[in-house]
Amino acid sequence: MKASRVRLRLEQNRQARSIHGGALNMYAAAMGVKLSRLPIPSRRLRERLFRKLYGGKYSALCEQELERPLADYRSLNELFTRGVRAECRPLPVDADSFLCPCDSTVQETGRLADAQRMTVKGVEYTLASLLPGMPTERFAGGQFAVFFLSPADCHRVFCPQDAQLEQLVHVPGRRLLVHPSHQPPRVPSVLAQRAGDHSARDAAGACLLVMVAGWGVGNITYPFPVGLKPHRRARDPPCAGPAATSAPRAWLATFELGSTVIMITEPRPTVVSHLRTGEAVKYGEPAFTFERTS
């Protein structure tokens with residue numbers, strides 16, 4: 001067990017050095033994560049910095065979707081964790097669809113093979129590795145999709161259907177890189193080993209959202225009180241979700257900086273997938289349309 005932790009720590013550092021172009025840049029990026037939470041005092045300075053990042057290092061933002069003017073965001077982290085105006089994410093009339101839970105790029109999608117196995121970028125994972133200690137039988141043969149959030153995406157995660165949020169579970173682990181180019185087959189546990197939180201249940205059937213926090217992030221926040229302590233290495237016991245039912249467009253959680261969401265649904269006799277690997281999607285677009293059981 002100790003050797004495994006050392007191996008993952010070394011892999012975490014190797015990946016971070018690789019994506020940032022060396023150790024010095026890696027430490028600068030880690031410092032940048034901390035500085036991203038500090039308020040920028042000048043509106044002019046904020047706007048200049050944000051426009052230099054977005055449209056330069058990162059893809060440009062669609063400013064028409066922002067809830068308020070660009071210069072009103074007091075820090076980079078505040079801009080990362082921004083919301084999107086509701087009219088910019090119209091919801092489909094069809095109630096028999098699971099919606100995409102976030103703005104993102106579809107990294108992989110399909111049906112769970114061999115009852116409870118999925119293949120992501122040529123690497124096989126089991127539900128047990130993603131959800132240790134949780135019952136997974138109800139999802140055998142269900143649909144799954146992996147959504148990658150880029151720095152330019154809104155980093156809020158929303159409810160994919162009318163739902164009752166049953167529980168949240170924190171699963172500890174090393175924070176490796178979530179970017180697709182840094183998920184080599186020689187590290188087969190890259191998704192399973194990263195810290196994440198899991199939520200369930202949908203009114204039209206159970207639905208899992210596995211929120212995977214990658215390197216430089218390690219912080220998932222919620223718009224409602226929770227009893228999780230995700231800074232600990234030990235696995236937290238399941239935490240009950242809020243008593244109120246969550247409707248589509250309900251805000252469930254926020255990633256601080258970038259990460260990945262895996263959505264897993266219960267099997268249905270007839271399911272139509274609206275997702276294609278590599279395509280950009282927005283919250284509110286249908287992911288899976290199914291035949292509701294009576």
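Is F80 buried or exposed? F80 is buried, with a relative accessible area of 4%; buried means under 20% relative accessible area, exposed over 50%, and partly exposed in between, with a 1.4 Å probe and protein chains only.

## Basis of the model

This is a predicted model, in which local features need pLDDT of at least 70 and side-chain atom pairs count only at pLDDT 80 or more, while totals for chains, interfaces and linings use all residues. Residues are numbered from 1 along each chain as its sequence is written, and side-chain values use heavy atoms, with hydrogens and water left out.

## Overall make-up

The protein has five helices and 16 strands. Helices (H or I, at least four residues) and strands (E, at least two) are DSSP runs, numbered from the N terminus. Of its 294 residues, 49% count as buried. The accessible surface is about 13900 Å², and carbon and sulfur atoms account for 55% of that; the areas come from the Shrake-Rupley method with a 1.4 Å probe, and for residues only the protein chains shown count as cover.

Among contacts (heavy atoms within 4.5 Å) with a separation of 6 or more, 77% are between residues 24 or more positions apart.

## Nonpolar cores

A nonpolar core is a set of buried Ala, Val, Leu, Ile, Met, Phe, Trp, Tyr and Cys residues joined through side-chain atoms within 4.5 Å. The largest one has 29 residues, of which F147, I220, F255, V261, M263 and L275 touch the most other members. Two or more residues each come from strand 5 (143-149), strand 7 (163-171), strand 9 (207-213), strand 12 (251-255), strand 13 (259-265) and strand 16 (286-290). Strand 9 gives the most, with four residues.

Leaving aside residues up to four places away in sequence, V261 touches P101, C102, A145, V146, F147, L149, V157, L209, V210 and F255. Another core, of 18 residues, lies apart from the largest one and includes L130, L131, F139 and F144.

Two strands pair if DSSP finds at least two bridges between them. Strand 5 pairs with strand 2 (residues 104-111) in the antiparallel sense over six bridges, and T105 stands opposite F148. Six bridges also join strand 5 to strand 13, again antiparallel; here V146 has I262 as its bridge partner.

Three strands form an open sheet in the order 6-12-10, with antiparallel pairing. Strand 6 (156-158) and strand 10 (220-221) are at the edges with a single partner strand each, so one side of each has no neighbour in the sheet. Strand 6 and strand 12 are joined by three bridges, and F158 has W251 of strand 12 as its bridge partner.

W251 also has a charged group over its ring: R156 lies over its face, at 3.8 Å from the ring centre. A charge sits over a ring if NZ of Lys or CZ of Arg is within 6 Å of the ring centre and within 35 degrees of the ring normal. R68 is placed over the face of Y73, at 4.2 Å from the ring centre.

## Around F80

F80 lies in helix 4 (residues 76-80). With Y54 and Y58, F80 forms one aromatic cluster. The whole structure holds five aromatic pairs; rings of Phe, Tyr and Trp (its six-membered ring) pair if their centres lie within 6.5 Å, and planes under 30 degrees apart count as stacked, over 60 as edge-to-face and the rest as tilted.

F80 and D153 are 73 residues apart in sequence, with their C-alpha atoms 7.9 Å apart in space.
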